[in-house]
Amino acid sequence: MNLYRNARSGELTVRADFPLLANNPGLHYLDSAATSQKPTVVLDALRDFYETANANPHRGAYSLSVRATECYHQARTRIAQFLGVADSDCLIFTRGTTEGLNLVASSWGLANVGSGDEIVVTAMDHHANFVPWQVLAMRTGARFRVCELTGDGRIDLDSLRAALNAKTRIVAFSHVSNALGTINPLGEIVRMVRERSDAIVVCDGAQSAPHFPVSFDSLGIDFYAFSGHKMLGPMGIGGLIGRRAMLEEMPPYQTGGDMIEFVHDDRTTWNVLPHKFEAGTPNAANAVGLAAAVEYLDNIGMDRVIGHERSLMLQAQERLSAIDGLHVYGPPPAERSGVLSFTMNDVHPHDLATILDGEGVCIRAGHHCAQPLMRRLDVPATARASFYIYNNEGDIDALVTGINKAREIFGYVPA
Amino acid sequence: MSLPRSSAEISALYQEMILDHYRRPRNKGVLENADASVEMKNPLCGDEIALQLQFDGNEIKDLKFSGRGCSISQASASMMTQLLKGKSKEEIGAIRTQFRDLMLGVPSAEDESRLGSLRALSGVARFPARVKCALLAWNALETALADSE
């Protein structure tokens, strides 16, 4: 790893560790909030698993299967350590955040929520942390409440307070908004929920786990879901972390192989944690890949990760704000992770994204899977640039050049 | 695939004709006494269009659109309404097919004089992610025509 080449400014210079970026010098990837690029160590870990340990875990008596099982379990332990989970059996592997949240909604939700109960989400939540709860409410007859936001895109804590009462069974919110980058005050929210209700607290960690230190055991929440592919890991692996007592009480989410203990003709008993929630052949290779990703992040240090992103975001904010007609959404940069959501005059974000593509700049344009938020911002879409460890000032230069190109094409500056 | 895309392709996409229709859309508004009316949204990008048609026998006597979206979707809607006014359903059927060919990158469609100013959208074919923008108004048209049958 080549972390410290630019140590004087404290900036990370790890682009060379990412083959896709290293092979495309003209590419400026600013869409890591959607998915991150993958470092060589992760790609090597995947290949190494398939070349040296590939067999079906938990199945065979032969030593290769035992090795696959060990790799899978070691990956769980390593990722649990990274996310501050002492009891690694409480980390259930899933396909990603979406599946983790659906698991809680289906399993805990259907068993514990009934007519007259209430479920609270926020207007900034990603559809993955909004729709599962909306559907749960419709199925059970519970009331679905949406906590409002402040004008600058933070959770309105007064609105949250007003939504909480003795009937609240679930409060779900995102640690960090994917569309705006808002870092939500998790501790304050948890205190408020605990004071006013007996609700469980479910946190969407898709945008926090990749970017700053997270220690589940000290967060005081009940469930935390995350995605591996946003934190340098492979696609198709992520996790749900929960409290042991609750996970043990909950019915299975899916049924099948691996998650059973004894299958009788008329009934079945369940395996212990974490297997109870991992039906079918586990995604062992990707778990190993994700373990390599967190090892890589740990070697950098999560404090440096957020420091690097924030420094880039501040620079980008300053330079973009100076552009006439450009509007940045969300709270001040100090309250955001490395996300910059913006619009410019009447240039539609899709046109902006296409023109930026011509400069090699990849940004997201659209509703960011947060239509309730877009309605409140009263825009159909925004353009979003998001930063990660491999980005640098050159990426910001290209972003600014592309935006100016769009201004030229749309006639905001003399050609 | 070459990364990134060349900026020449971008210039070919954003022709002056498209920007002109985006800035000054023709036939934008609401039609009184419409015979067919369709609202359509592209859930992927949030673009939306409302299209209203008024028939005179077999012909489109008048049509208007409203909505919001990117330059490609708005220009396509504007140019479409301009071209289709006064056309018979048979003529419209042929134009629809030709416009879809243009979006698929069929070379002969670029020379099709019946498409008129819509040929300015030929560059869209090289941007698969944007073809759906150009087709939004045409999908609304198809639904409106089917509803009016």
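## A tour from a helix crossing to the chain contact

Start by selecting helices 10 and 13 of chain A: their crossing is right-handed (the near helix is turned clockwise from the far one by less than a right angle). Helices here are DSSP runs of H or I with at least four residues, strands are E runs of at least two, and both are numbered from the N terminus. You are looking at a predicted model, in which local features need pLDDT of at least 70 and side-chain atom pairs count only at pLDDT 80 or more, while totals for chains, interfaces and linings use all residues. Residues are numbered from 1 along each chain as its sequence is written, and chains are lettered from A in the order in which they are written.

Stay with this pair for a moment. Helix 10 (residues 302–321) and helix 13 (residues 393–409) of chain A pack at about 25 degrees, their axes 10 Å apart; the axes are lines fitted to C-alpha atoms over the stretch in contact, and angles run from 0 to 180 degrees between N-to-C directions. That makes helix 10 of chain A roughly parallel to helix 13 of chain A, a label for angles under 35 degrees.

Now show the side chains. From helix 10, A:Leu312, A:Gln315, A:Ala316 and A:Arg319 meet A:Glu393, A:Ile396, A:Leu399 and A:Val400 of helix 13, where contact means C-beta atoms, placed from the backbone, within 7 Å. This contact divides into five nonpolar, one polar and two charged residues (nonpolar: Ala, Val, Leu, Ile, Met, Phe, Trp, Tyr, Cys and Pro; charged: Asp, Glu, Lys and Arg; polar: the others, Gly among them).

Next, select A:Leu273 and A:Pro274: the peptide bond between them is cis, with omega near 0 degrees. A:Pro274 sits in the loop between strand 10 (268–270) and helix 9 (284–300) of chain A.

Move on to A:Cys369, in the loop between strand 14 (364–366) and helix 12 (371–377) of chain A. A:Cys369 is not a glycine, yet its phi is positive, about 55 degrees. Most residues other than glycine have a negative phi.

Over in chain B, pick B:Asn27, in the loop between helix 2 (16–23) and strand 1 (36–41). B:Asn27 also has a positive phi of about 55 degrees without being a glycine.

Finish where the chains meet: 19 residues of chain A and 21 residues of chain B take part in the contact. On the chain A side, helix 11 (residues 349–357) gives the largest share, five residues.

Key: Contact = placed C-beta atoms within 7 Å. Parallel < 35°, antiparallel > 145°, perpendicular 65-115°, else oblique.
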